[in-house]
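Here are my notes for you on this one.

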Amino acid sequence: RVKSFFEKNKAKVSSIKKKLVHFFSLQFGGTSTYDIDDVRAMHYGYNISDYHFDCLLDIIAAALEEQGVKKKDVAEVLILLQPIRADVTTGFTVRMEVARKNVEKGKDQLFKRLGGTDGIAGLMDALYKIALVDNRIKDLLLRDPERIKNGQAVYITEMLGGPKQYKGREISAIHKDLGINDYHFDCYIGDLNRAMMGAGHPESLIDEVLVALEPIRADVLGHSRDAMDGVVMKDGQCLLDRFGGDQNVEATVENMFDRCVEDSRVRFHFERAKAKQRQIRRKFCNYLTGCFGGQVTYDIAELRPAHYNGNITDYHFDAMVDLFKAAALHMGVDQVAMYDAVILLNRSRADITTGCAVRMELAKKKNQLEGADQLFQRLGGLEGMMAVMDRQFECIERDKRLNMFFEGTKMQAIKRSVTDYLIMTLGGPSDYIGRPLSQAHAVLQITDYHFDCFMQDLQRAMRDVGSDGETVDEATVVLELIRKNVLKVHYGN
């Protein structure tokens, strides 16, 4: 399942092992010189999915159990490692999501960009020159390489938006007795990646091809990919039974949501009308019941679109997980069952946070390609920003959630300082000479909730003065990056 990522020379493998030792020491409360900020940069360019991450956790759990570590402690280790998931998988998640959206515009454009039938045939020739000398998979192809190549070319052409001319057997039937596993499939895709790079195709196009071909994997392997079977079922019991049944799931969800509406980290996202809150709670109960091995009544495909436009970051997700853990323990759930539930919940992290992660990444790339001032200009330059801030402070004056922070004789000075800082942050010329954000907000009892409310008023202000949705969204994700500085003292406390 993950072997292809670890096929390195001995020196590289030794280096990876040393880094893992330092990383684990740091995560488990020991001393280490490992810089946690390096994790995302190190993994960003690899196609590491949530499935691969879960497989690695499975391997870590097996290794710990072989060393005699208690199941409870193994589960706690897996929980400690969950927050690093996003740093390891975000690069792949963002690239695949961008590619998926492009593919949704129509596979025919993908077929054309690859050069049509002739272009794909040439790509397959290049692929087989690589694959037939690849010791990892060549034996699977040497039986009749020309026939296999031609059959795959017709099938892949169809998969990538070309004419529907494939007349062969079902893919699952062809591969049924060949003993192909994830490793072989990953090697084949890796060789295809190399062939496309050799042909000069851009990285964005390669990503789109990988997204379009990924659905073939289940048919080739003869099964879907799920690393969670061992978590759902233990000792002959499904997680739902170990958790205490449907009623305990419902009680835990009710307790968790009561905590959410009081917790400043996520309160903003749960301030809804009572009917809407009940609907959300019911859907979450149905989702958990299905995940835990009970009756499936929630369509998992709804999860990503339901959260895509919410600016939900990994910070918010981790806060939700903390509240779920607290609620489960309060309801007397077995600790190992609770840990298994948290591991399963983390499988949904990408579906919940991808929308925000993708928008942040695209905004960053847009600034790199078009210049930091492009967003400022789209907001109308200085004149446009002044109009936005005038409207923003009109909203704040009427917003009982925030106006207590903006009262008094210094109101105009605060407005000027905030305006100058936002102009600077959004790429414009600014005379901001104030204190660092952390110092300016140190004595104020500002929480995530207040930051979210401020951002909501700012979004409303930008829309009211005529900014389009894309510009508002981009400004929002850019300004999300200042949250940790505004709330630095709050987080420290």
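1. **Ground rules.** What you have here is a predicted model, where local features need pLDDT of at least 70, side-chain atom pairs count only at pLDDT 80 or more, and totals for chains, interfaces and linings use all residues. Residues are numbered from 1 along each chain as its sequence is written, and side-chain values use heavy atoms, with hydrogens and water left out.

2. **The overall picture.** The protein chain has 29 helices and two strands. Helices here are DSSP runs of H or I with at least four residues, strands are runs of E with at least two, and both are numbered from the N terminus. The radius of gyration of the protein chain is 26 Å, close to the 23 Å from the globule rule for 493 residues, so the chain is as compact as a globular protein of that length. (That radius is taken over C-alpha atoms, and the globule rule is 2.2 Å times the number of residues to the power 0.38.) Along the principal axes, the C-alpha atoms fill a box of roughly 85 × 55 × 50 Å.

3. Of the 493 residues, 46% count as buried. Buried means under 20% relative accessible area, exposed means over 50%, and partly exposed is in between, using a 1.4 Å probe and protein chains only.

4. **Aromatic pairs.** How many aromatic pairs does the structure hold? There are 12 aromatic pairs. To pair, rings of Phe, Tyr and Trp (its six-membered ring) need centres within 6.5 Å; planes under 30 degrees apart are stacked, over 60 edge-to-face, and the rest tilted. Take Phe23 and Phe24, a tilted pair at 5.6 Å centre to centre with 55° between the planes. Phe23 is buried at 8% relative accessibility, whereas Phe24 is partly exposed at 23%.

5. **A stacked pair in a helix.** Now find Phe284 and Tyr287, which are stacked, with 6.4 Å from centre to centre and 20° between the planes. These two residues sit three apart in helix α17 (residues 274–291), so about one helical turn separates Phe284 and Tyr287. Phe284 is buried, with a relative accessible area of 17%, and Tyr287 is buried with 8%.

6. **Charges over rings.** Which ring does the charged end of Arg267 sit over? That would be Tyr449, with the charged end 3.8 Å from the ring centre. Likewise, the charged end of Arg95 sits over the ring of Tyr44, 6.0 Å from its centre. The rule asks for NZ of Lys or CZ of Arg within 6 Å of the ring centre and within 35 degrees of the ring normal.

7. **The cavity.** The count is one cavity of 30 Å³ or more, and the largest cavity holds about 90 Å³ of space. A cavity is a set of points on a 1 Å grid, over the protein atoms alone, where a 1.4 Å probe fits but cannot get out; lining residues have an atom within 4 Å of a point. Its lining includes Asp50, Arg85, Thr89, Asp314, Arg349 and Thr353. The elements that give two or more residues to this lining are α5 (85–104) and α21 (349–370). By type, the lining residues divide into three nonpolar, five polar and four charged. Ala, Val, Leu, Ile, Met, Phe, Trp, Tyr, Cys and Pro count as nonpolar, Asp, Glu, Lys and Arg as charged, and the others, Gly among them, as polar.

8. Ile396 lies in helix α23 and is buried, with a relative accessible area of 0%. Gln445, in the loop between α25 (437–440) and α26 (448–464), is exposed at 72%. Arg401 is in the loop between α23 (381–398) and α24 (411–425), and is partly exposed at 22%.

9. **Sequence versus space.** Ser4 is in the segment before α1 (10–27). Ser4 and Phe185 are 181 residues apart in sequence and 9.8 Å apart in space, C-alpha to C-alpha. For Arg401 and Glu203, 198 residues apart in sequence, the C-alpha distance is 46 Å.

Note on methods
On a 1 Å grid over the protein atoms alone, a cavity is a set of points where a 1.4 Å probe fits but cannot get out, and a pocket is an open set with protein on both sides within 12 Å along at least five of seven lines; lining residues have an atom within 4 Å of a point. Grid points are joined across faces, edges and corners, and a volume is the space filled by probe spheres set on the points.
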